[in-house]
Amino acid sequence: METGILLESGTNELEILEFRVGENYYGINVAKIREILPYQQPTPIPNADPRIEGIFMPRDEIISIVDLSRVMNLPKAASAQGDMYIVTNFNNLNTAFHVQAVEGIHRVSWGDIIEPDSTINASGVGMATGIVRIDDKLIIILDFEKIVAEINPESGLKLSDVDHMTGRSRVTSPILIAEDSPLLGKMLMDCLKRAGFTNIDITNNGKECWDKLTDYEHRGVLDQKVACVITDIEMPQMDGHHLTKLIKSDDKMAHIPVVIFSSLINDEMRKKGESLGADMQLSKPEIGQLVEAIDQILGINEQA
């Protein structure tokens, strides 16, 4: 199936691949997908996490296979006939997800994606990043970063990356963050605070961030309230690319530095971010590099 459909930058749209695990239907942002391959018998790995079904080597690269039915505690299918592997690339990592069927690709607006409430993602243990209605069917968009991070914590943000920055001078420049994951948002806040940043405000998606920026602009306090914006790309209501486009298209806001901090940074996404005026773009695991980028943007020179 063709997964290289290109969208115009900053339109607040995305392509969702609908797939089936057991009898349930789910979705994934096409931007995360490298390719889709037919099922082949995996090679088991001794003493691996039980959610890792094994490995395979489609070309010259060994890729781990995550059994999504095991991840979501669904009954395992009696037969793997017709099953597929969705091979993803995010956080600079290639991973295959074993699914029962691929249903098709849908183009939707981030504005149509509903953010799960606390009854769905209670205590941060849920696996949904959004819900969208397609053809009278509710499609749950899964949090693939969280699934991988729970299996391999080294793939996610690591507070240890900024341990050496503890004790730096306090930085009071106001930083505004747009991040829809409560878990990642908290980790991001903790990391930045360890690195000395004391004036941090976080919003749940691009729309909330944009509303806050426009409010500050109307009140004439924009520069006092925001010295830098850090944004994810994937977010319900408004994505980070559209947020960047709005900021950089506004004469009164265009001077505000925008750092895109996302698991989706690859060559194609980097080009999109550059075309929209993003000042810097970093892959999400690189929290240490994010701190260095903010230092550079804000003109902070730490003594060695």
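Helices here are DSSP runs of H or I with at least four residues, strands are runs of E with at least two, and both are numbered from the N terminus. Hi everyone, with that in hand, let's look at helix α8.

A quick word on the model: it is predicted, so to speak of local features we need pLDDT of at least 70, and side-chain atom pairs count only at pLDDT 80 or more, while totals for chains, interfaces and linings use all residues. Residues are numbered from 1 along each chain as its sequence is written, and side-chain values use heavy atoms, with hydrogens and water left out.

Helix α8 covers residues 287–298. The expected span is 1.5 Å times one less than the number of residues.

Which residues of α8 are buried? They are I287, G288, L290, V291, A293, I294 and D295. Buried means under 20% relative accessible area, exposed means over 50%, and partly exposed is in between, using a 1.4 Å probe and protein chains only. Their cover includes β11 (175–178), α3 (182–194), β13 (228–231), β14 (258–262) and β15 (280–283), where contact means heavy atoms within 4.5 Å.

Now for two asparagines. N73, in the loop between α1 (68–71) and β6 (84–90), has a positive phi near 55°. N91, in the loop between β6 and β7 (93–99), has a positive phi near 50°. Is each one buried or exposed? N73 counts as exposed because its relative accessibility is 70%, whereas N91, at 12%, counts as buried.
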